[in-house]
Amino acid sequence: MKTLYRALFAACGVSALAACTTPSATTPSANGFTLVPAPVPPTAEQFSDFLIGRYASLTNDPVLAAETFVRAAERAPEDDVLQERAIYSLLLAGDNNRAVELARNAQNHSEDYGSLTRLTLGVAALEDGQADYARTLLTTGEVSPFNRIVSRLVAAWAAYGADDYDAARTHVVEGLVGDDILDGVSLYMLAMIQMSEGDDDAAIGTFSAVWEERMRLAVAAEHYMRLLAARGDTERALLIADEFYQDVGNNPSVDRVARQLRNGETVEVKRLDAAEGAAIAVYSLASALAAETRDDVAGIYFNLALILNPDLDMARTMLGNTLDAGGRGDEALEVLQRVGTDSPFFATAQAQMAWILRRQDRDEEALRIASEALAFTDEREMRIQLGELYRSLEKYEEALELFDEVVIEDEAAGREDWLIYYARGVVHHELDDWEAAEDDFLRSLEIDGSRAQVLNYLGYSWVDRGEHLEQAFEMIQQAVALQPYSGYIVDSLGWAYYRLGQYEQAVTYLEHAVELSSNDPTLNDHLGDAYWRVGRRIEARFQWRHALALEPEEDQIPLIQEKLENGLPELPVTVVAEDDETRHGQ
């Protein structure tokens, strides 16, 4: 690739010079001869494809990037860096078959190929049943740090597939890097290898040890529960489900096993084959990567997992999330549509599709898909998702009806869920039923007092109403400590200082809030108010104008316009609840 770059820079220099000095082919020279341009060098098209590919990558067009990088790679099959770039783009675009084909072609032309090429070859070999060959590929050559972890876990499953149980354990240990999350994934894979081998005592021991470290992985929870249930320890299995829910939330696979156990149904242990286990390993590491990045790079590994196991719908739903987060909503819809009605992830996929359509302003389609999915599954999570969808469309009565149903069923079943009370509280607030909203927020915090969004919402509402100011202030401070980079929560703290008349402090926090979330009209409006109170009148009007330009809610527009014309009243008015000490605005 260094040669390619040198040639590319040289070509750029030559072309620039030629543009200045080469006459037209039809223009006679001074001595009577006609000058004919030199023929285009063979490398020109390769350079062109490379540059187009780079531009497509930078502008989030992986399909075009893949097309052009592949053309460039086909012209230089010995260039391992170019081959790696092409395979990367193909996997990012979801063209898995061509990625494998190109990796095999690269292998035929060079003994030195990149880590992603090697990983792709190893994955393809294991999927083809060539466990020994896959293991050889995945444990040789130089690899990047993250690919090394992935490669070692896939190699561990390949060793298991080759009946080398000891080597499988060795490869897992080789992949440990001292990171709690990544090592937790690796050790859970060891437990699943032990389980698949039939060494259930060792598997339960490993599952238990990692679980006690509070490492929560849905697929591990599911298999751990199955093992416990098979041993007759249904109570412990259901406790695992409850702990997972409390720490993480709902998951279709965990919920299905828990529901079967509560209904007295038989739950079997799933012994995995090498490709199935490797697919789960790659998926789990990709999920950890997705949690740490805001782009779609994790999609590469979700696609590798789907090469190993095309039926792995949990990877498909996560791939949909990753594509959507990367601004590739239409591609996400295509991926999610492949989740079948018999999959435990069907409702999850339908909910994801509905929200993608909602963000694309295709509201009727979003409601149709969510409603059809609810009619098909009637799952609790689907009702919550449809309720949230109604709420986002300001259909509050419809949302309230769904949330009421969920709360009634939860209370009958003894289930405690802070989120449903919070969601219903927001709807009550939008319907101007503050008493009901306040009750729901307090119940939500009674269940789990560490949820920043609930602390912030209730604290902010109390501050805005002039009620329970000391308690509200403490709540908002706790919320900021939990989520210090949330502009909305930092704004709440600034607004609390404002309502307490501590305007200099308010400015500090409100400025920081606007830095974190610069395009929110309410935050800019609040900062304008604080500037006015500290005598920074020009800056206050600038913030108010900016708030208007950001299209605030309709009822806020005349209020901001009034401030632009007349400023704020001489003294701020703070309404103080009877059980609070009286405070003055100055």
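**Helices, buried faces and a cavity in a predicted model**

Thr117 is placed in helix α6, which covers residues 115–127; helices (H or I, at least four residues) and strands (E, at least two) are DSSP runs numbered from the N terminus. The structure is a predicted model, in which local features need pLDDT of at least 70, side-chain atom pairs count only at pLDDT 80 or more, and totals for chains, interfaces and linings use all residues. Residues are numbered from 1 along each chain as its sequence is written, and side-chain values use heavy atoms, with hydrogens and water left out.

Thr117 has a relative accessibility of 0% and therefore counts as buried. The term buried means under 20% relative accessible area, exposed means over 50%, and partly exposed lies in between (1.4 Å probe, protein chains only). When residues up to four places away in sequence are not counted, Thr117 touches Glu84, Ile87, Ala103 and Ala106; contact means heavy atoms within 4.5 Å.

The protein as a whole has 31 helices and zero strands. It contains 586 residues, of which 52% count as buried. Of the contacts between residues at least 6 apart in sequence, 56% join residues at least 24 apart.

Helix α16 (residues 298–308) is largely enclosed by the rest of the structure, because 11 of its 11 residues are buried. Among them are Ala298, Gly299, Tyr301, Phe302, Asn303 and Leu308. The buried residues of α16 pack against α4 (80–93), α5 (96–109), α6, α8 (145–161), α15 (274–292) and α17.

In helix α18 (residues 329–336), the buried residues are Gly329, Ala332, Leu333, Val335 and Leu336. Seen down the axis of α18, these residues fall within an arc of 165 degrees, so they line one face of the helix. The arc is that of the directions from the helix axis to the C-beta atoms. The buried residues of α18 pack against α17 (313–325) and α19 (346–359).

Helix α26 (residues 469–482) has 14 residues, which at 1.5 Å a residue should span 20 Å; its end C-alpha atoms are 20 Å apart, which agrees. The expected span is 1.5 Å times one less than the number of residues in the helix. Buried positions in α26 are Leu469, Ala472, Phe473, Met475, Ile476, Ala479 and Val480. They cover an arc of only 165 degrees around the axis, which puts them on the same side of α26. The exposed residues Glu474 and Ala481 are carried on the face turned away from this buried side. Packing of the buried residues of α26 is against α24 (434–447), α25 (452–465) and α27 (487–499).

Glu511 lies in helix α28 (residues 503–516). With 26% relative accessibility, Glu511 counts as partly exposed. Its C-alpha atom is separated by 8.5 Å from that of Asp491, a residue 20 residues apart from Glu511 along the chain. Neighbours within four places in sequence left aside, Glu511 is in contact with Leu527, Tyr531 and Arg536.

Two loop residues have a positive phi. Asp163 is not a glycine, yet its phi is positive, at about 65 degrees. This residue is found in the loop between α8 and α9 (165–174), and Asp163 counts as exposed at 73% relative accessibility. Arg214, also not a glycine, has a positive phi of about 65 degrees. Arg214 is found in the loop between α11 (200–212) and α12, and is exposed, with a relative accessible area of 55%.

A search of the whole structure finds one cavity of 30 Å³ or more. On a 1 Å grid over the protein atoms alone, a cavity is a set of points where a 1.4 Å probe fits but cannot get out, and lining residues have an atom within 4 Å of a point. Grid points are joined across faces, edges and corners, and a volume is the space filled by probe spheres set on the points. The largest cavity holds about 30 Å³ of space. Its lining is formed by Ala218, Val219, Glu222, Asn251, Ser253, Tyr283, Met314 and Phe345. Helix α12 (residues 218–230) supplies the largest share of this lining, three residues. By class, the lining residues divide into five nonpolar, two polar and one charged, where Ala, Val, Leu, Ile, Met, Phe, Trp, Tyr, Cys and Pro count as nonpolar, Asp, Glu, Lys and Arg as charged, and the others, Gly among them, as polar.

Note on methods:
1 Å grid on protein atoms, 1.4 Å probe; cavity = no way out; pocket = protein on both sides within 12 Å on 5 of 7 lines; lining within 4 Å.
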